[in-house]
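I opened the model to look up a few local features. My notes follow in the order I checked them.

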Amino acid sequence: MKKLLTLALAGATAVSLCACGSSASTGTAASTAASTAASAAASTAASAAVSAAASTAAGGGSDELTVWCWDPAFNIYAMQEAEKVYQKTDPNFKLNIVETPWEDIQTALTTAGTSGDYSTLPDIFLCQDNAFQKNVQNYPDMFTDLTNSGVDYSQFGASKVAYSTVGGKNYGVPFDSGCVIGCYRTDILQQAGYTIDDFKDITWSRYIEIGKDILAKTGMPLLSARADETDPIMYMLQSAGASLFDEKGNPTINGNETLKTVMSTYKELIDSGILLQVNSWDEYIGTLTNGQVAGTVNGCWILASIQTAKDQSGKWDITNMPKLENVANATNYSNNGGSSWAVSTNTKNAELAEKFLAATFAGSTDFYATILPSSGAIATYIPAAKSDIYNEPQEFFGGDKIFSKIVDYSAKIPSNNTGVYYYEARSAIATANTNILNGADIDSELKTAQETVEFAMQGSGTSTQ
Amino acid sequence: MAKAAKTVKNGFSLEKKENRTGWIFLAPAVVLIAVMSFYPMIRALILSFETGAGKNMRWTGITNYTRMFQDKLFIQSLGNTFLYLIIQVPIMLVLALIFATLLNNKNLRCKGLFRTMIFLPCATSLVSYAIIFRSLFANDGFVNRILMSIGLISSPVAWLTTTWTARLVIILALVWRWTGYNMVFYLAGLQNIDYSVYEAAAIDGASPWTTFWKITVPLLKPTILLTAIMSTNGTLQLFDESVNLTAGGPANTTMTMSHYIYNLSFQGAPNFGYASALAFVILILVAILAFVQMKAGDSRD
């Protein structure tokens with residue numbers, strides 16, 4: 001009986017050792033290890049992303065491409081229009097567009113990249129510009145080099161192309177501009193005795209001053225923002241050309257005077273009651289479409305969501321964002337978000353993907369003219385920005401030529417440094433921000449934030465490039 | 001092996017033959033569990049001794065384990081998780097016990113309906129119920145509107161953006177969801193208690209309170225131990241509520257350890273070695289707590 005027990009245990013151990021030895025690459029082993037390491041936590045999220053991926057991985061068919069992107073009113077709509085444009089040249093062309101939130105795409109990229117198993121990835125996916133450096137540097141084998149793919153990069157804004165350029169090579173086709181604008185409900189402004197021009201080229205203190213007046217007269221806050229997100233802080237920082245990292249990739253959080261000004265401005269916005277804090281993305285969009293705020297300051301992609309409230313047509317207008325005071329290089333322009341299309345190396349038809357992107361997003365002014373009116377997808381493709389449609393008055397915005405305004409602003413955006421640890425820095429700043437809003441001291445919070453980022457950087461042990 | 005002296009035609013004794021058959025039945029399961037569970041656990045342990053970002057992992061000994069004591073975020077998430085454990089588990093288990101005792105009453109009508117109603121929450125999906133709770137407790141959500149309309153509060157309570165109310169919402173959500181689950185275990189345990197014991201107690205003049213504490217609870221000890229260990233295990237690994245209800249809460253004050261591990265792995269620059277080490281720390285904690293509970297509660301020794 002004892003002998004049988006020993007034999008069985010030895011057999012089981014031998015089996016597991018065999019499995020150890022015969023695994024073809026550390027990749028497979030790492031995938032099982034990664035899945036266990038994450039299983040205590042991420043089984044729900046990761047398996048949801050992976051099972052969604054399994055059913056939507058790159059199509060093997062000749063003229064069909066699988067695309068992952070988010071936002072039906074914006075990116076998905078743009079892809080559908082691009083499909084129609086390309087079907088004129090190739091009637092058999094088909095796109096399988098799968099709506100995937102950005103967080104899930106990032107999770108899928110990380111899982112596929114770490115395990116070395118790219119088979120779950122689609123042909124084309126949309127990647128946030130801020131995440132390009134991090135993903136390409138960590139998983140260079142996952143992205144197809146598009147430098148010589150027929151896409152003419154000289155036709156795109158330089159600061160936009162820089163996001164998806166790593167080591168001198170291009171890995172993305174630039175898509176939408178994230179140029180920050182101030183959007184306002186002109187009817188509410190009028191009620192309080194202001195016009196849109198009162199918001200042009202102003203400073204944040206003037207913005208707060210007007211905001212308090214509007215709040216007193218109409219009871220409406222001037223803008224809303226998610227409590228756990230740092231978008232306003234990041235774009236305010238960029239508007240003065242400052243970043244959380246220097247060119248070498250070292251964190252510049254502690255002692256960053258511009259950042260201190262930004263955080264105290266943000267605190268003033270909240271304390272004065274003109275910034276309404278909400279808990280989730282849906283609530284944020286709700287405040288705009290349900291008329292709970294008098295406007296917002298965000299990337300121009302927000303226009304698509306604003307325009308879903310058809311009953312507010314004619315009541316909106318835009319101008320540039322306020323600028324910081326007592327800060328060198330402060331401007332009224334910044335960038336928030338924006339993404340580019342990447343082609344994964346899992347695609348079985350790289351040529352088709354490249355031709356498709358080159359012919360539509362990097363080649364067709366008609367395409368950009370089509371998607372502009374209803375989605376507000378502002379091209380970073382320079383020839384498109386010159387087409388007539390950009391100069392047409394937009395009814396939703398009271399007949400203002402908003403698109404030519406935005407193209408004008410885009411040329412003035414200061415660039416910034418993102419780097420591999422951008423997201424760690426963002427969440428550290430979000431934590432610091434919440435504590436500052438509850439009364440903590442700005443200097444000590446920034447010091448803590450820098451220490452958190454340095455801790456994360458030292459943990460991965462990669463040298464910053 | 002003196003017992004196996006009896007031999008049969010093919011050289012195996014009856015007992016040896018039964019043993020062999022038993023092992024043959026068990027073999028597929030043993031192999032599967034070795035490959036699917038034990039092997040990944042061993043590989044994860046090895047991974048926890050490595051470090052690096054993405055695919056560039058290199059051996060580093062126990063630096064991951066020593067490093068975590070300097071990790072303020074980890075200490076914070078550890079504290080949060082233990083807070084949930086200490087507050088939520090006792091409340092939930094006592095409530096489940098009370099419900100089970102009430103519903104065990106022979107003369108109660110519609111018992112099936114009540115049991116189903118209390119059990120139904122744990123059949124819901126973790127993600128969807130967390131999202132619904134989040135919208136219920138939003139600034140303009142259902143809870144605030146009800147409280148304002150009955151006059152208990154004058155302005156909306158920021159449930160999810162204040163530390164202690166966010167933790168309260170998570171605890172409420174957990175109690176709502178898991179009480180029914182534990183109640184079912186206690187109901188099953190209560191069926192084993194003979195009704196004559198209660199009759200004898202009633203004849204002796206014991207009040208319901210005394211009956212509950214002096215008879216029900218001691219007799220249910222094994223079941224209570226089981227549910228306590230299971231609840232400890234589940235609460236220490238809490239993930240879905242932290243991610244979907246509060247997203248880690250205002251400034252990481254409701255973040256649990258598993259949520260932090262997820263962030264380490266998927267949100268920033270991935271550091272799977274360190275995340276793996278943290279996962280093993282959770283394992284060690286659960287093992288220690290389970291051991292302590294068994295020593296305290298198991299009367300079979």
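Which residue takes a positive phi just after helix 10 of chain A? I found A:Gly273, with a phi of about 85°. I note here that the model is predicted.

I then turned to helix 10 itself. It covers residues 257-271 of chain A, 15 residues in total. I read 21 Å from its first C-alpha to its last, close to the expected 21 Å at 1.5 Å a residue. I listed its buried residues next: A:Thr258, A:Leu259, A:Thr261, A:Val262, A:Met263, A:Thr265, A:Tyr266 and A:Leu269. One reminder to myself: residues three or four places apart in an α-helix point the same way, because there are 3.6 residues a turn.

I picked out A:Leu65 and found its bridge partner in strand 2, A:Leu95. Strand 1, helix 3 (residues 72-87) and strand 2 of chain A make a β-α-β unit, and the unit is right-handed.

Next I moved to chain B. I see a division into domain 1 (2-47) and domain 2 (72-297). Their C-alpha centres lie 39 Å apart.

Last, I checked helix 13 of chain B, residues 272-297. This helix has 26 residues and reaches 37 Å from first C-alpha to last, close to the 38 Å expected at 1.5 Å a residue. Where are its buried residues? I found B:Phe272, B:Gly273, B:Tyr274, B:Ala275, B:Ser276, B:Ala277, B:Leu278, B:Ala279 and B:Ile282.

Terms used: Residues are numbered from 1 along each chain as its sequence is written. Chains are lettered from A and ligands numbered from 1 in the order in which they are written. This is a predicted model: local features need pLDDT of at least 70, side-chain atom pairs count only at pLDDT 80 or more; totals for chains, interfaces and linings use all residues. Helices (H or I, at least four residues) and strands (E, at least two) are DSSP runs, numbered from the N terminus. The expected span of a helix is 1.5 Å times one less than its number of residues. A residue is buried if 20 or more other C-beta atoms lie within 10 Å of its own, exposed if 12 or fewer, and partly exposed in between; C-beta atoms are placed from the backbone. Two strands pair if DSSP finds at least two bridges between them. A crossover is right-handed if, with the strands pointing away from the viewer, the path from the first strand over the helix to the second runs clockwise. Domain bounds come from an automatic or database domain assignment.
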